Amino acid sequence: MIPSPDSDFLDLLLDLTSLQTLSIPSRADLLSIAPDIISFENHKKLATELQKISDKELIGAVIDALGNLSLTKECTVDMVNDMISRINTFSLCDVPVVLNYIIKSVTPETSHSVFRKLIKEIDFESWSTTPSIPLLQPSQLSQQTNNLKGKQKELPKWSEAVIFDTIRSSIRSQTFLKSELLKILDSDFSGLADDESEQINIETGVFILLTLLTSMTTDKKKFYAILLKKVTLLDFPPSLFSHSGVNIIHKHSEGLKQYFPILIQFAEYLLRVGCKSYGDYAGLVAKEIYVGVFLEAENSDRQDIVGCLVAHIGSQSQSEMDTAFDVLLELTQVDAKGISVFSIFIKSLLD
């Protein structure tokens, strides 16, 4: 007979899942059925024990089990805070499912605190030096992972795109997050730190802003105004996008490709609106975005950039014209072959 789902049975179940002699698929199956066979009063204990599982191959099964538990608000907050504090220790390929759990667990009361912590904690650089272990869902655990060893170098870039998509889809599914995120990102990033020595990861702020913008159908002008504010407050310095500086566009090009049109629109807004209010500084950031995206983009996005530059040149605004010519000049120096493809197009538009 099956033992009653009491505390002793839970201990037995957890002992079985920790057995290294038991196959990964079998251990994952035990975790996946645990929420259904353990009584509600022991769900909190089960959640606490799930937190202690360190086998990276079981992260998917652990998150799946946590998502099926009936936990109090306080316990859920504890689970979420623990995952956020360990977010940079997870394999890059596991981060999307961890983020999905975190964001789906957010409530209107906890959203500010959760995203404040996420912006502070997420560090893509830490994942670039961490070996990527494929995320194993219970239904996929029978597959051999050795076949992926030769593809490890390709996984991080692919996984970044999945991370961005996870954030975007999670925001779309919970409409209250949009307004809350706008409030957080509209504030000075320095205000997100608990003390002056604590550094905010600006790259993460940029990525969340981009994913948020793609999920918005209205208030885009308000959103662009917030982006412009981040530029003028030096939260987003030119070096962040420069191909000779931090260059997040190059470092995260695969993940950001789907957001290149948004970056191009932002650069256009900076040059048209920002220059009128903030002069050359806004234009300098726009220039770095145009050049950075052009160097990494496909021809369709490159043609959009060239079209924007020609429009700037014909705008009769001296600052727009000067910056646009500077962009074209720099592109001829760093990617003469790439820009030469559009020489006839540029000439015909200028004529």
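Reply: Start with one term. A crossing is right-handed if the near helix is turned clockwise from the far one by less than a right angle, and left-handed if it is turned anticlockwise. Keep in mind that this is a predicted model.

Now apply the term. The crossing of helix 7 and helix 10 is right-handed. Helix 7 covers residues 111–121, and helix 10 covers residues 176–186. Their axes lie 10 Å apart and meet at an angle of about 55°. Helix 7 is therefore oblique to helix 10. Which residues of helix 7 meet helix 10? They are Ser 111, His 112, Phe 115, Arg 116 and Ile 119. From helix 10 come Phe 176, Leu 177, Glu 180, Leu 181, Ile 184 and Leu 185. This contact divides into seven nonpolar, two polar and two charged residues. Arg 116 and Glu 180 are the charged pair in that count.

Next, go to helix 16 and helix 17. Helix 16 runs over residues 280–296, and helix 17 over residues 299–313. They pack at about 150°, with axes 9 Å apart. An angle over 145 degrees counts as roughly antiparallel, so helix 16 is roughly antiparallel to helix 17. The handedness of this crossing is left-handed. Helix 16 brings Tyr 290, Val 293, Phe 294 and Leu 295 to the contact. Helix 17 brings Arg 302, Ile 305, Val 306, Cys 308, Leu 309 and His 312. By class, that gives eight nonpolar residues, one polar and one charged. Here Arg 302 is the charged residue and His 312 the polar one.

Helix 6 spans residues 95–104. The packing angle is about 145°, and the axes are 10 Å apart. This crossing is left-handed. Met 79, Val 80, Met 83 and Ile 84 of helix 5 meet Val 98, Tyr 101 and Ile 102 of helix 6. The contact holds seven nonpolar residues, with no polar and no charged ones.

How many cavities of 30 Å³ or more does the structure hold? There are three. Met 83 is one of its lining residues, together with Leu 50, Gln 51, Ile 53, Ile 59, Val 62, Ile 63, Leu 66, Asp 82, Arg 86 and Phe 90. Helix 3 (43–52), helix 4 (59–67) and helix 5 (73–85) each give two or more residues to this lining. Helix 4 gives the largest share, four residues. Eight lining residues are nonpolar, one is polar and two are charged. Gln 51 is the polar one, while Asp 82 and Arg 86 are charged.

The second largest cavity is of about 50 Å³. Its lining is Val 206, Leu 209, Leu 210, Leu 227, Phe 236, Phe 241, Leu 263 and Phe 266. Two or more of these come from each of helix 11 (202–214) and helix 15 (260–278). The largest share, three residues, belongs to helix 11. What classes make up this lining? Eight residues are nonpolar, with no polar and no charged ones. The lining of the largest cavity, by comparison, includes one polar and two charged residues.

Methods. Residues are numbered from 1 along each chain as its sequence is written. This is a predicted model: local features need pLDDT of at least 70, side-chain atom pairs count only at pLDDT 80 or more; totals for chains, interfaces and linings use all residues. Side-chain values use heavy atoms; hydrogens and water are left out. On a 1 Å grid over the protein atoms alone, a cavity is a set of points where a 1.4 Å probe fits but cannot get out, and a pocket is an open set with protein on both sides within 12 Å along at least five of seven lines; lining residues have an atom within 4 Å of a point. Grid points are joined across faces, edges and corners, and a volume is the space filled by probe spheres set on the points. Axes are lines fitted to C-alpha atoms, for helices over the stretch in contact, and angles run from 0 to 180 degrees between N-to-C directions. Angles under 35 degrees count as roughly parallel, over 145 as roughly antiparallel, 65 to 115 as roughly perpendicular and the rest as oblique. Contact means heavy atoms within 4.5 Å.
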